[in-house]
Structure formats: C-alpha cells, structure tokens
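Subject: Structure for your review

Dear colleague,

Please find below the structure that I am handing over to you. My findings follow it, grouped by region.

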Amino acid sequence: MKVLITGSNGQLGSEIKALASEYTNFEFVYSDLPELDICKKNLLTQFVIENNIKGIVNCAAYTAVDKAEKDGVLAELVNAKAVENLVAVAENQHLKLIHISTDYVFDGTSHIPYSEKMPVSPLGVYGKTKRAGELQVIYSASNSILIRTSWLYSIYGNNFVKTMLRLGAERESLGVICDQVGTPTYARDLAQACLEILSKSERLDTQGKVYHFSNEGAASWYDFAKSIMIMGEVDCQVNPIESKDYPTPAARPHYSVLNKSKIKADFGIQIPYWGDSLCDCIDILKTEKFEE
Ligand SMILES: NC(=O)c1ccc[n+]([C@@H]2O[C@H](COP(=O)([O-])OP(=O)(O)OC[C@H]3O[C@@H](n4cnc5c(N)ncnc54)[C@H](OP(=O)(O)O)[C@@H]3O)[C@@H](O)[C@H]2O)c1
C-alpha cells in the first residue's frame with residue numbers, strides 16, 4: 001500500500017521517515033513545499049492518482065502559533081481549506097486519512113485531562129483554524145482519523161527542547177512560564193502511533209473518529225525546561241514566571257493535558273512517560289553534537 005506523507009520535512013514527517021523502514025507493508029511517498037502544496041486541490045488530486053496513493057498521513061500544517069494571529073488567512077488556508085482538499089481526495093479515491101490536530105482547540109479551563117468528548121473552544125487564530133480543519137475530517141465520509149496532540153518536539157526542526165538547549169548554553173539564567181500545564185510529546189512516539197494505527201485501521205470503522213495522543217504525565221513549560229537543562233547537562237538557572245509577565249500575541253490554554261484512554265483501548269498503543277521520551281531525544285541530540 002502506498003502512503004503519502006504530506007509536510008514530510010516537518011518534525012512529525014521527519015520522524016515518520018526515520019521509522020518507515022520498520023513498516024515494510026507500506027511504500028511511503030514523501031512530499032512538502034514547494035513541490036506539493038496541499039492548498040492546491042487539482043495538483044494534490046493529480047499527485048494522488050498518478051502515484052496510486054492509498055493512504056495519507058497529513059503532517060503539513062501552519063504551526064506558528066503567535067505568527068498566526070497576524071497571518072490568519074494563510075493559517076486558515078493550510079489548516080482548514082487544505083484539509084478540505086485532503087478529505088475530498090480521500091473520499092473520492094477511497095483513501096485512508098490520518099490528520100493531526102492540537103490541544104490548542106481547548107480553552108484550558110478543565111482541571112482533568114481532556115477527553116475527546118469534552119467541548120472545544122480555541123483561544124487563538126491557530127487553534128481556531130485547526131478546529132476548522134478538524135470539522136472537515138469529523139464530517140467527512142472518508143476512512144479517516146483525527147489525532148489531537150500537544151507540545152511536539154523532536155530532533156528535527158525548531159522546537160522548545162532545541163531552543164532551551166541553545167539559550168541555556170548562552171545564558172546564566174532563563175525565565176520560563178510555570179502556569180501553563182500540558183504534556184510534552186516526542187514526535188517520534190506520535191509517528192510510531194500513526195504508523196501502528198495505519199497498520200491496524202483496515203479492520204476498523206474509523207470514519208472521522210477523534211483520538212488524543214500525547215506522552216504520559218503532565219508538566220508546566222517551567223518543569224519541561226528544568227528537565228531539559230538537567231538531561232542536557234546545561235548549567236543554566238531556570239526561574240518560574242507567570243503568563244501575565246510574559247505576554248505573547250496568542251493566548252494559550254493554562255491546562256491542556258489530553259486523556260489518552262481511547263487511543264490505548266482501541267489500538268493497544270503503549271505510551272511512554274514524557275520524561276523518558278525527553279531523555280531519549282536529548283541523548284540523540286547529545287550524540288549528534290558529539291559527532292559534529
Ligand atoms: N509543533 C507542536 O508543538 C504541535 C502541537 C500540537 C499539534 N501539532 C500538530 O502536529 C502536526 C505536525 O506538527 P509539526 O510540529 O511536525 O509541524 P512542522 O514541523 O511545522 O511541519 C509542518 C510541515 O508542513 C509544511 N507545510 C506548510 N504548509 C504546507 C502546504 N501548504 N503544503 C504542504 N506542506 C506544507 C511545512 O513547510 P514549511 O516549514 O516550509 O512551512 C513543514 O515542513 C501539525 O498538524 C500541528 O498542527 C503540533
């Protein structure tokens with residue numbers, strides 16, 4: 001079965017590429033900008049037909065949360081309109097589709113981990129455009145799955161882990177937000193979950209179903225940063241600060257831990273604790289630095 005990975009140069013797409021050789025049932029086709037812009041419906045459809053694609057994992061997205069506040073048109077195009085294109089091609093060509101969304105569709109007022117049934121109410125433009133994309137998948141007739149995830153990091157691309165390691169090496173101390181709690185998620189673990197689901201989903205009726213996936217446990221950005229410094233062996237003092245003292249263009253939920261019971265029950269997926277996965281990622285980053 002031929003599977004198209006869109007946005008394959010991003011964090012999740014790159015982790016799928018790294019794991020692909022373990023999934024010999026699939027032949028993967030990778031695409032990203034500029035060669036395949038998923039906003040271009042005709043191009044996308046032609047690409048899918050010409051390459052005999054039977055499944056898509058959509059890793060493409062507009063992910064700049066703060067920039068989206070001023071760049072809503074492009075965010076909407078990539079996070080919502082392009083998802084409509086993917087859903088249409090999945091329906092017409094009878095493809096499996098895995099689409100990824102975000103914990104930022106929630107407003108953060110919950111005190112218990114968010115289940116898939118809890119109401120959404122995105123605070124910012126990014127979350128609103130991702131929610132619009134979700135609705136395309138939820139109401140589609142395609143064999144599709146929507147997976148919400150949170151706080152992604154990986155050895156690829158730019159992310160909080162790499163930023164903290166870099167800033168930690170440059171500065172003696174750093175202030176990091178302590179009143180936003182969520183779960184850091186290693187994109188490699190999410191990539192593995194996507195590929196497991198893809199392997200199993202032939203036997204399941206998955207039409208527009210929503211699932212949550214993040215690593216296990218919870219942390220504030222402050223806890224996350226402290227762990228990065230300790231595991232990265234970086235001598236930098238991390239100080240807790242409140243969101244009100246670090247204003248950003250986009251408001252973010254104060255609490256966005258996801259409940260993963262459904263994905264574990266339906267697909268038998270084992271989810272690592274966030275600290276263990278962070279340790280694995282930092283070990284790779286350290287080895288790469290050592291080999292440079
Ligand atoms: N990062 C997080 O913390 C986080 C948290 C929760 C959920 N998510 C979701 O998880 C998914 C994967 O995120 P990620 O961190 O792997 O994203 P990422 O690293 O930003 O990668 C996204 C990729 O999509 C590409 N892309 C953008 N517009 C495109 C278009 N029109 N056509 C084709 N490709 C396009 C980007 O190219 P350019 O770089 O050239 O734009 C980039 O290579 C996304 O759906 C995201 O919303 C992410």
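A residue counts as exposed when its relative accessible area is over 50%, as buried when that area is under 20%, and as partly exposed in between. By this rule N158 is exposed, because its relative accessibility is 75%. Please bear in mind that the model is predicted. N158 is located in the loop that runs between β6 (152-153) and α5 (160-170). Its C-alpha atom is 23 Å from that of D179, the two residues being 21 apart in sequence.

Helix packing

Two packed helices are described by the angle between their axes and by the distance between those axes. For helix α3 (residues 72-93) and helix α4 (residues 125-138), the axes come within 8 Å and cross at roughly 10°. Angles under 35 degrees count as roughly parallel, and α3 is therefore roughly parallel to α4. On the α3 side the contact is made by G72, A75, E76, N79, A80, V83, E84 and V87, and on the α4 side by V125, Y126, T129, K130, A132, G133, Q136 and V137. In composition, the residues of this contact are eight nonpolar, five polar and three charged.

One of the α3 residues in this contact is E84. E84 is partly exposed, as its relative accessible area is 33%.

Aromatic residues and charges over rings

How many aromatic pairs does a search of the whole structure find? The search gives 15. In the pair formed by F106 and Y114, the ring centres are 4.0 Å apart and the planes lie at 15°, so this pair is stacked. F106 and Y114 are both buried. Elsewhere, one aromatic cluster is made up of W151, Y153, F160, Y186, W221, F224, Y273 and W274.

Two lysines are placed over tyrosine rings. K17 lies over the face of Y30, 5.5 Å from the centre of the ring. The charged end of K262 sits over the ring of Y211, at 4.8 Å from its centre.

Two buried residues

D103 belongs to the loop between β4 (96-102) and α4. With a relative accessible area of 2%, D103 is buried. Apart from neighbours within four places in sequence, D103 is in contact with T149, S150, W151, P253, S256 and L258; among these, W151 is also a member of the aromatic cluster. D103 and T183 are 80 residues apart along the chain, and their C-alpha atoms are separated by 9.6 Å.

S227 is in helix α7 (residues 221-232). Its relative accessible area of 18% makes S227 buried. If residues up to four places away in sequence are not counted, S227 touches W274 and L278, and W274 also belongs to the aromatic cluster. From S227 to V161 the distance is 9.7 Å, C-alpha to C-alpha, for a sequence separation of 66 residues.

Backbone features

Most residues other than glycine have a negative phi, and most peptide bonds are trans. Which residues are joined by a cis peptide bond? They are L33 and P34, with omega about 0°. P34 is placed in the loop between β2 (27-30) and α2 (41-50).

Positive phi values are also to be noted at two residues. For N52, which is not a glycine, phi is near 55°. N52 is in the loop between α2 and β3 (55-58), and it is partly exposed, with a relative accessible area of 46%. E233, likewise not a glycine, has a positive phi of about 55°. E233 is in the loop between α7 and β12 (237-241), and at 64% relative accessibility E233 counts as exposed.

Yours sincerely

Key:
Residues are numbered from 1 along each chain as its sequence is written. This is a predicted model: local features need pLDDT of at least 70, side-chain atom pairs count only at pLDDT 80 or more; totals for chains, interfaces and linings use all residues. Side-chain values use heavy atoms; hydrogens and water are left out. Axes are lines fitted to C-alpha atoms, for helices over the stretch in contact, and angles run from 0 to 180 degrees between N-to-C directions. Helices (H or I, at least four residues) and strands (E, at least two) are DSSP runs, numbered from the N terminus. Angles under 35 degrees count as roughly parallel, over 145 as roughly antiparallel, 65 to 115 as roughly perpendicular and the rest as oblique. Contact means heavy atoms within 4.5 Å. Ala, Val, Leu, Ile, Met, Phe, Trp, Tyr, Cys and Pro count as nonpolar, Asp, Glu, Lys and Arg as charged, and the others, Gly among them, as polar. Rings of Phe, Tyr and Trp (its six-membered ring) pair if their centres lie within 6.5 Å; planes under 30 degrees apart count as stacked, over 60 as edge-to-face and the rest as tilted. Buried means under 20% relative accessible area, exposed over 50%, partly exposed in between (1.4 Å probe, protein chains only). A charge sits over a ring if NZ of Lys or CZ of Arg is within 6 Å of the ring centre and within 35 degrees of the ring normal.
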